[in-house]
Every structure is written in C-alpha cells, then in structure tokens.
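Q: Please take a close look at one part of this model and describe how it is put together. I would like secondary structure, charged pairs and contacts with the rest in one connected account.

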Amino acid sequence: MRVKPGQAEERILRIIHLCREVEAKGFNPFEVDVAGELEVLRRLLPGWVKPSELTLDGEALRGLARVVELQDEWVRARSRLRILDPETVRERVAELTIPQLAEAFLKAWRPTVKIDFLTGERLREAASYWVRLKPKSRLPEPPALKEGEAEASGEALKSLGLSLSEDFRGMLEETFRQLKAEAERAGGEIPYWNFVRAGSFRETVARAYLVSFLATYGYVHLSQDRLTGELKLKPTPETAGKPRGEYSLAIPLDREGEGHG
Amino acid sequence: MPSRWTGRVKAMAEEASYARRLKRAAQLLLLQRHRTPGVKGWELRRSLGKNYMKIVRMLDGELEKLGLQVKIVYEDSGETLDEEARLDRARFLVTFRGPLPAADAQASGWRIDDLAALAATLAYLASKQGKASRSEVERLLASKLPSWRVSIILDKFTRLGYLHEDENEVLTVGWRAKAEVDLEALTESLLTISEPEVEKGRGEA
C-alpha cells in the first residue's frame with residue numbers, strides 16, 4: 001500500500017503525539033495498540049529518504065518503546081497494589097473505623113527526620129527584636145467596645161442553646177435543610193431576614209449564628225443588593241464544605257426584630 | 001619515584017576527604033534550612049562535588065544502623081531528563097526506615113482522624129493511578145468525617161506537601177507522601193487490617 005508523503009508524516013506525528021499524551025497525562029498505556037503502530041512504522045519506513053523523516057521515525061519508535069516501558073510499570077504497580085480499584089478503597093474506607101484507618105496509615109508511615117537549630121545570626125536577630133520591644137505597661141489599651149456591642153463568649157452562646165459539639169453539627173444540618181426547602185419554595189433564594197427572623201430575639205441571634213457558619217463553609221451564598229441593601233440567601237450545595245474566605249460581612253441585630261444591614 | 005609511601009598518603013587523604021564530605025552530607029540533609037525539609041540534588045552537588053551520589057549512598061549505609069534512610073523524591077516536571085538532571089532537581093531527605101512505634105506515633109501530635117483521612121485519601125489516589133478530582137476525595141472522606149472538616153483537612157494535607165492540587169482541582173500524591181508513605185504497605189494493611197489487630201495495636205501502645 002502506498003501512502004502519500006504528507007499523509008505519512010501526519011500519521012507518524014499522530015503516533016508521537018499519542019505516546020507523549022499517554023506519558024504526560026497518565027492514561028492507561030494499554031490503550032495504545034503498540035503492535036499496530038509498529039506495523040504502520042514498518043510499512044512507512046521504505047518511503048523515508050530525508051534525514052528529517054528518519055528522525056521522525058526514530059522519535060515515534062522511541063515513543064512506542066516508552067509506552068511499552070509504561071505498560072510494564074503499570075502491570076507491576078497493579079500487581080503490587082493487588083489490583084486495588086477505587087471501588088475496593090471506598091468499600092474498605094466504609095467498613096473500617098477511624099482508629100483502624102489510622103492504624104493502617106501508621107504501618108506505612110516513615111516520617112521525615114529533621115533537626116531544628118539556632119544560628120548565631122538568628123540569635124542576634126532575636127536579641128535585637130527583644131531590645132526593641134516596648135515594655136508591656138506601655139502597650140496601648142485595646143479599643144473599648146461601643147455602646148451596645150459585646151463579644152460573644154462561650155457562656156453567651158450556651159445561653160442561646162448553642163455549643164460547638166456534635167449536636168451543633170446536627171443543628172447546622174437542620175438549618176441548612178430548612179433553608180434549602182424555603183429557598184426552593186421561593187424560587188431559589190430567600191431574603192436573609194425572612195429566614196433569620198424568629199419568634200424571639202434569642203432565637204433570631206441563634207439562627208443568625210448558624211447561618212453565618214453555613215455561609216463561611218460554603219453551604220450558602222449571602223449576597224447584598226447594592227441599591228436597596230437587601231440581603232439574600234441562596235443555598236449552594238455544590239460548594240458545601242469549601243470554606244469561603246474572600247470577605248466578611250457584619251450584620252448588626254437589634255431587639256426590634258431586624259438588623260440594620 | 002612514586003613510592004608505596006606516596007600511595008598510602010594519597011589513600012589517607014582520600015579517606016579523610018570522604019569522611020569530611022559524609023559529615024557535611026549528614027548536616028545538609030538533617031538540619032532544616034528551608035521551610036520544607038531536605039535539600040535539592042544540585043545543592044548537594046555544589047557542596048559535596050560531582051560524585052555526591054557516592055557520598056549519599058555511604059550516608060544511607062551509616063543511617064541504616066540507626067533505623068533511618070536517605071529518601072530521594074523525584075520532581076514530576078513532565079520533561080524527559082537524563083538521570084543527572086533528574087537527581088539535580090530531586091529532593092533528598094532523611095526518613096525512618098521502618099514503621100513508627102505506636103507510642104511515638106501517639107506523641108507525634110497528629111489527630112487520629114487526620115491520620116485516618118490521609119490513609120483513605122492516599123489509598124484512593126493510589127487506586128486511581130495517582131490522581132483524582134478533589135470532589136471525589138471529598139465525597140469519600142465525608143462518609144467518615146463531618147463534611148465541614150473534610151475541606152479543612154484536605155487543605156492542611158496540601159499545605160504540608162502530602163497532597164498536590166492543581167488549578168483544575170485535581171489532587172495528586174504530594175512530594176512528602178512520596179517520601180514518607182510506603183503506598184504498597186498502606187494498601188496492604190488497608191486490605192488486611194481487622195478488628196482484633198487494632199485492639200492488639202492499642203494494647204501495645
């Protein structure tokens with residue numbers, strides 16, 4: 001079979017590209033029909049005359065040799081790992097307890113050994129920093145809280161029926177479920193205050209606190225209309241669990257039942 | 001005339017040079033200079049000379065007596081490089097040669113659920129030829145851990161070098177896991193570990 005020179009070159013470039021892709025992207029090397037491609041090279045070889053054509057032939061041959069090498073590595077790795085497929089891993093992870101998984105890791109862990117040390121230079125830097133430090137008595141006082149402002153202490157949270165324990169997670173999940181249901185009824189998003197406002201000020205604060213967690217951890221998108229200032233909540237299950245750190249929004253609450261934000 | 005005496009002096013000088021370079025190699029590998037542990041091959045070549053691999057092998061032999069080893073982690077550059085260039089870019093560090101005693105592991109400061117998550121993640125990546133999308137791994141871990149912790153844990157592993165995440169949110173085994181985790185041993189123990197063994201392990205700790 002005669003192949004036109006242009007087509008022949010294109011064919012050989014395709015082989016080279018295929019071999020490179022397999023190596024670079026980690027595709028299954030058995031996807032390459034090495035015997036078939038070698039046969040193509042064998043058929044094309046008598047037609048090659050120019051050094052550049054012979055170089056291409058050599059490069060393709062080298063690529064196929066590398067694929068064979070990768071096939072060897074692939075078989076070795078699979079047999080070493082006892083053909084551990086993702087489904088088996090999922091099953092084992094589901095079956096084993098946290099201590100069992102940790103135990104499995106410890107059997108395979110060879111931690112790095114390193115020595116931390118101080119140099120004369122670092123000591124001099126530390127001494128000069130120490131000398132420049134102002135005495136504690138002269139440190140500026142922290143700014144006083146404005147009237148009506150207070151830091152939420154653990155005690156205050158407890159008084160709202162909130163604590164960072166297992167049941168807190170349950171409350172978060174329940175709030176998210178409610179939010180999703182209400183947003184769905186409202187066509188995708190819901191005004192912040194419609195959701196957060198509750199029967200009492202205490203409950204409103206608790207709800208606002210839970211919503212702030214959901215927003216921080218990507219379960220909910222909180223947006224503000226720049227003209228009206230209206231706040232809206234939109235459940236985002238697709239980003240759930242991915243903390244958002246781009247910006248923070250302070251929403252004041254007052255006892256009249258609605259905030260200023 | 002070059003005498004037997006000159007030959008002996010030469011041999012002694014060579015021996016002294018090796019001993020000096022061995023000491024220097026140990027300092028370079030063990031003392032932490034950068035944020036990440038270990039040194040690059042080119043740094044060793046610059047300090048120890050062209051045949052630094054001979055010194056590294058000698059050091060590895062010495063460390064074996066202490067239950068330690070020199071580990072070489074090659075860089076995944078995607079380029080085809082010769083062995084010398086690959087070694088130049090590789091990271092050299094010292095790790096334990098065998099598993100950590102259970103009591104030391106408890107004192108390592110790691111949370112047990114972090115260790116469990118790392119085991120599950122690395123085994124999953126190993127089963128997927130070394131790479132998987134972050135969302136897949138998140139789903140796997142969410143079956144064991146609260147979902148809000150999963151993302152934090154994965155970010156921590158990436159920061160510590162146990163995982164690598166590219167711009168397409170694809171996770172691969174990081175340089176540190178390549179250095180510290182025997183993936184074969186991990187999958188082996190993941191497949192074979194059973195309840196009584198864990199109880200026994202806890203009893204020993």
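A: The model is predicted, so local features need pLDDT of at least 70 and side-chain atom pairs count only at pLDDT 80 or more, while totals for chains, interfaces and linings use all residues. Residues are numbered from 1 along each chain as its sequence is written, chains are lettered from A and ligands numbered from 1 in the order in which they are written, and side-chain values use heavy atoms, with hydrogens and water left out.

Chain B holds 11 helices and 6 strands; these are DSSP runs numbered from the N terminus, with helices being H or I of at least four residues and strands E of at least two. Of the 205 residues in chain B, 42% are buried (under 20% relative accessible area; exposed is over 50%, partly exposed in between, with a 1.4 Å probe and protein chains only). The accessible surface of chain B is about 11,100 Å², and 52% of this surface belongs to carbon and sulfur atoms (Shrake-Rupley method, 1.4 Å probe; for residues, only the protein chains shown count as cover). Taking the contacts in chain B with a separation of 6 or more, 59% are between residues 24 or more positions apart, where contact means heavy atoms within 4.5 Å.

Three of the strands form an open sheet in chain B, with the order β1-β3-β2 and antiparallel pairing (two strands pair if DSSP finds at least two bridges between them). The edges of this sheet are β1 (39–40) and β2 (68–73) of chain B; each has a single partner strand, so one side of each is left without a neighbour in the sheet. Between β1(B) and strand β3 (residues 91–96) of chain B, the antiparallel pairing runs over 2 bridges. In this part of the sheet, B:Lys40 is opposite B:Arg91 of β3(B). Helix α3 (residues 52–64) of chain B lies across β2 and β3 of that chain, at about 145° to β2(B); the axes are lines fitted to C-alpha atoms, for helices over the stretch in contact, and the angles run from 0 to 180 degrees between N-to-C directions.

Further along chain B, strand β6 (residues 170–173) has antiparallel partners in β4 and β5. Strand β4 (residues 131–133) of chain B is joined to β6(B) by 3 bridges, and B:Ala132 faces B:Leu171 in β6(B). Strand β5 (residues 163–165) of chain B also pairs with β6(B) over 3 bridges, with B:His164 opposite B:Thr172 in β6(B). β5(B) and β6(B) make a hairpin with 4 residues between the strands, and B:Glu169 there takes a positive phi near 60°.

Next, the charged side chains. Over all chains, 24 salt bridges are counted, each a side-chain nitrogen of Lys or Arg within 4 Å of a carboxyl oxygen of Asp or Glu. B:Arg111, B:Asp113, B:Asp114, B:Arg149 and B:Lys156 belong to a linked network of salt bridges.
B:Asp113 is in helix α6 (residues 112–127) of chain B and B:Arg149 in helix α8 (residues 147–160) of chain B, 36 residues apart, which makes the pair a link between distant parts of the chain. B:Asp113 and B:Arg149 are both buried.

B:Lys156 and B:Asp114 form another salt bridge, at 2.6 Å, N to O. This pair again links helix α8 of chain B, which holds B:Lys156, with helix α6 of chain B, which holds B:Asp114, over 42 residues. B:Lys156 is partly exposed at a relative accessible area of 25%, whereas B:Asp114, at 2%, is buried.

The interface has 1 salt bridge by the rule: the side chains of A:Arg110 and B:Asp182 meet at 3.8 Å, N to O.
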